[in-house]
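Please find below a colleague's note on the structure, arranged as numbered points.

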Amino acid sequence: MFSRLVFVGLVFAGLALWPLVAGAYGLDLVIKIMIAAIFALSLELLVGATGLVCFGQAAFFGIGAYAAALLMARFDGAALWWLLPAAVLCAGLYALAVGALSLRTRGVYFIMVTLAFAQMAYYVVHDTPLGGGTDGIYLPGVPTAPLDLGKPLVFYGLTLASLALVFGVLGLLLRSPFGRALAGIKANEQRMRATGFSTYPYKLAAFAVSGAIAGLAGFLFAVKDGFVNPELLAWHQSGSVLIMIILGGLGHLRGALIGAFALALLEEFFKSEAVWGSFAKHWHLGLGLTIILSAALLPKGLVGIPQLWRDRLEARGE
Amino acid sequence: MSEVLLRCERLTRRWGGIVAVNEVSLALASGEVHAVIGTNGAGKSTLINLLSGEIAPSAGVVELLGQDVSAWSQPRRARAGLGRSYQRNTIYPGFSVFENCRLAAQARRPRAWRWWQSALACEQTNEAARAAAQRAGLTDLLDRSAGLLSHGQKRQLEIAMCLATAPRVLLLDEPLAGMGAEETERMLALLAELRAGQAMLLVEHDMDAVFRIADRITVMVNGAVIASGAPDAVRANADVQAAYLGGH
Amino acid sequence: MKLATLALAALALATGADAQTKLKVGLMLPATGTYAALGTAIDNGFKLFVTEQGGRIAGREIEYVRVDDESDPAKATDNVNKLIKRDNVDVIVGTVHSGVAMAMAKAAKDSGTLLIVPNAGADAVTGPMCAPNIFRSSFSNWQPGYAMGEVVAKKGHKKVVTITWKYAAGDESVRGFKEAFEKGGGTVVKELNLPFPNVEFQALLTEIAATKPDAVYTFFAGGGAVKFVKDYAAAGLKKNIPLYGAGFITDGTLEAQGADAAGLFTTLHYADSLNTPRDNAFRLSYAKTYKLQPDVYAVQGYDAAQILAIGLAAVKGDVSKKAEFAAAVEKAKIDSPRGPFTLSKSHNPVQDFYLREVSGKENKLVGVASKALADPGKGCRM
Amino acid sequence: MDFASFLIQCLNALQYGLLLFLVASGLTLIFGIMGVINLAHGSFYMIGAYMAYALAPIVESTFGGGFFSTLVVGLVLSVLLGYLLEWAFFSFLYEREHLQQVLMTYGLILVFEELRSILVDDQVHGVAVPPLLAGSLPLGELMSYPVYRLFVSGVCLLLAAGMYLVLTRTRLGMMIRAGASNREMVQSLGIDIKFLYRLVFAAGVAIAVLAGMVAAPVSSVYPGMGNTVLIVCFVVVVIGGIGSIRGALLAALLIGIVDTFGKVLLPSAAGVLVYVLMALILLWRPDGLFKVA
């Protein structure tokens, strides 16, 4: 428990100090990873904590992003203090509607129904003029009041604060009676119902909160890029965030954090021409093999590595 | 006659053309252990599922504490005082014994909106959990991971989790299944202790145990009740001997 | 431990800066995925021109930095920022996918980095998003469509059905076609769409047969183009209803289409048998260097390098003089293998569009479909 | 729409549906029986298509016999591939959480796609229709219908019938179905469940590869072709009910109809219709059309 707190503390301290050493790109890279981490945390609440495998998380992310773009286009010079909550609310409401329907199904069927609803959202922005069609649309600017998000350091701060807030809130949430109930649902929903928990509202609430957090990540992403595109809602985005949390290790908030960092850094590593020369264009190969190896060797994801070492040491000791 | 806590009237469940439970009527009184016996496939587990609300009946009425609960969902019935255990272990193996009980106790005081507060902050819930574990004889094992318990202890934990919800009626689905002689004795002692103030429905295959502990026995064959009454009367019943005990 | 090593590697990448003597060219092209082959051709074309100049442009040695854009708009801003902020490139060349190019255009506009687009045809890049530091060496989606509209109208067809994927490139191409064709007196009687990248055309082919138009105009590319041409022929429509298309339907796909493409008319700013001294020299040089025949994408990459060379020569290798760079390029006549072209005010090529007919494995030149066709550059304020 | 074109569209829908079934049936086998969520299924389809393209000249020069001997060689190779993959990557994942398998198959997609790029290339290629099936039949006034498409439909129907018979009528099929519902029981009966699973996985891969090879002359081969079929395969399997061959066939035909008529009658919503259909069906029947016990 203590070592985990130290780990998380070190990560956030490192993130807070990063701008002191990083260049403009280093800042960008970590902002990107932090947004991915928020996105991954949103899914961790469903998959890792509640046992609901959602394969349509990109829709909530994309809706947060599109809400930012469309609201800013509609209301010139919109202020951050209502723009951000509005985007989060849009994503949360869509998640509430999707959850209300899809929670009627279970297991793989649930996976596919969430995919179906995400694809519906995807085709709405892809095929209708609402969101600018397939090429996407630009944000008219950057929110400047009350924080000037055009300044990289300010935006870095906002992203870090959002990540810390999401991490903290989820940490509390999972220890609370609500979070414990989610854990019970993951372990054995039938038993929970027999005990007297109406599980549906719990799952629905988790779903909506998760969607809202994904919307937050989407909002930050849209402001960072200044551009949104239907591909933000595509199924492979839902897939890649799922890969992130599995790689990091399910059932731990740290796992989502680690997974987001690991996937991004692995990509950077295998793409690096400095390391691989002209073979860098086949970077998918290295990434794919690494993923396969980690699935084979790390049953609990990257989070499980210390435990594996400990087990090995103990085995040697005996 | 003491107060009737759970009653069902002509309870029926059909699966397609098969009648799994056929017009079963029962009444469970406070302080009474009521055993339901019957061969495999007689509809005993389905009966428990109907009573607890896990599946909906095709026809019939269920009354809990004098209230018609036929249309209530399972969680609602559970909160109203109907506890049940399962034939297969349904504990949460990853949690500690205490957390298993605490989570069960939490069902009575959900307080789900207090998301910022630790689940351990509710002293009443913790107390209820500890009390339930104590009654089931698990006080020494509170911090043990439930998955590491012996089979008998797991069955005890099942009972403890039921108790933690402070039920008035207990529906126990084969609590003795797979137990050794010593574990059986301990469980029977536990059940005997629990009977005061509660009604207990017991589905069980261990005939010796049933006849030792039950106040009343109902025999089911092919979904229907063929006999019901005091153990001695049931033992003497010709139909029962023909249909069920005859095999022994 | 592994994580720490990686973090260090990233740190090194993130903070590393380099000497300014070499001219850094950032090639942001697809190296993986559906468009990987196009990325390679553009890359080859660009390097060919630089090699022909002895590896130097305006006296500066060229250093390449490559980023695989994966044709994924969701990663586009990060990828282009890698070039701008991490590698501090002097000029960016890319890319194929329109959505990615849109994100690149924004990043380039914001940072002022030179951007030369060697393929992506999104009208907006030289429309509302136009900027003094953004150039295109290829085309706008509108252009080949417009050229074909003129051709089909001249051929005397009155009723035409269009068919394309429901996405921006397809819509823009059809819009260009419709504009010219209806100006020429024809009518587009039906606009058929199917979701991108669905390739099950049978239902729509049946629709075409039921509508019985005089001709069909189409915009597809890559695997979809191959399948469409084959299905069109297999459904028996090819012998009854002539098919016209924007050139991409038969570019880089003829080997796969085989006989089913024979005789198709398409419009594009390049053809296989221009037989001009400039083009012959280019083709020979390309074939020698890469043991491959060049295609339109290679030409676009080659011309991207030419545009860079012209601008750099005018500012003597100093990329910070953006206005002078732009002025020089705007004035210049670019001596492209496709034939000389100039850039419009919005920095899109003003070029001849050729009518080509498929013969064997080649897009044979038939004639000029539209002379010095300029994109209207709608929405460009510069 | 007049009646003649309505009939032709019905034929189109049927044919597309059968093609979908061909691609999806291998998935429902692996998915339903082994419980493996195999994201790499599209890659196996892609491998099949590239085999039809790249293997043909090699087979032609060694064995002769053209398309059909390529088909046979490809099938043999794919069974080997499936068998090896199961042995090397999947056999020790069954006891783990399902999502670890997802991670594994995702890694495989990346690897296969990149190996394709290295071993073949990134270009689009056509595969010739075998001369024996190159003709076409007249259909309506202007249209004709290629014989090869009829051949593809025939292969689909044969495959559907074959899978159904093997699973319901043979001892092997019974063992497989028993293994799907209860691993321990089958094991306790002395049947080598490991071998059984390896067989099922190999068969699933072989069917996907076969689908790719048979579809190649119609669809041509191009980078990324596997990913585009992956999602629609999952849709078919899930609508039909996981593991149900009948269900997959029905679902594929249903999607064929919705897609075909959607494109014609509701072009602006054609992309989304399939997903609306899936959502509606699953909300109506949360376990798909045919639930497999």
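1. Two strands are said to pair if DSSP finds at least two bridges between them. Helices (H or I, at least four residues) and strands (E, at least two) are DSSP runs, numbered from the N terminus. On these terms, C:T162 stands opposite C:Y217 in strand 9 of chain C. Strand 7 (residues 159-165) of chain C is joined to strand 9 of chain C by 5 bridges, and the two run parallel.

2. The model is a predicted one, in which local features need pLDDT of at least 70 and side-chain atom pairs count only at pLDDT 80 or more, while totals for chains, interfaces and linings use all residues. Residues are numbered from 1 along each chain as its sequence is written, and chains are lettered from A and ligands numbered from 1 in the order in which they are written.

3. Strand 9 of chain C has a further partner in strand 10 (residues 243-246) of chain C, with 3 bridges in the parallel sense. Here C:V216 has C:L243 as its bridge partner. Between these two strands the chain passes through helix 8 (residues 222-234) of chain C, and the resulting β-α-β crossover is right-handed (with the strands pointing away from the viewer, the path from the first strand over the helix to the second runs clockwise).

4. Why is strand 9 of chain C described as largely enclosed by the rest of the structure? The description holds because 5 of the 5 residues of this strand (residues 215-219) are buried. A residue is buried if 20 or more other C-beta atoms lie within 10 Å of its own, exposed if 12 or fewer, and partly exposed in between, with C-beta atoms placed from the backbone. C:A215, C:Y217 and C:F219 point one way from the strand, C:V216 and C:T218 point the other way, and all are buried.

5. Confidence in chain C should be read with one segment in mind. The chain averages a pLDDT of 90, and 95% of the residues score at least 70, pLDDT being the predictor's confidence in each residue, from 0 to 100. Over residues 11-20 of chain C, however, pLDDT stays under 50, and the model has 14 contacts beyond four places in sequence for this segment. Two residues are in contact if their C-beta atoms, placed from the backbone, lie within 7 Å.

6. Domain bounds come from an automatic or database domain assignment. For chain C, the assignment gives domain 1 (2-139 + 276-347) and domain 2 (142-268 + 355-373). Their C-alpha centres lie 30 Å apart. To the contact, domain 1 of chain C contributes 9 residues and domain 2 of chain C contributes 11 residues.

7. Chain A is likewise divided, into domain 1 (30-247) and domain 2 (258-309), and 25 Å separate the centres of these domains, taken over C-alpha atoms. The contact takes 10 residues from domain 1 of chain A and 10 residues from domain 2 of chain A. On the domain 1 side, helix 2 (24-50) and helix 9 of chain A each supply at least two residues. That side has 9 nonpolar, no polar and 1 charged residues; Ala, Val, Leu, Ile, Met, Phe, Trp, Tyr, Cys and Pro count as nonpolar, Asp, Glu, Lys and Arg as charged, and the others, Gly among them, as polar.

8. Between chain A and chain D, 33 residues of chain A are in contact with 33 residues of chain D. Helix 5 (107-127), helix 9 (235-248) and helix 12 (283-297) of chain A each supply at least two residues of the chain A side. Helix 5 of chain A gives the most, with 10 residues. By class, this side has 24 nonpolar, 6 polar and 3 charged residues.

9. In the contact of chain A with chain B, 20 residues of chain A meet 26 residues of chain B. Helix 7 of chain A gives the most to the chain A side, with 12 residues. The classes on this side are 9 nonpolar, 7 polar and 4 charged. Chain B and chain D do not touch, their nearest C-alpha atoms being 14 Å apart; chain B and chain C do not touch either, with nearest C-alpha atoms 29 Å apart.
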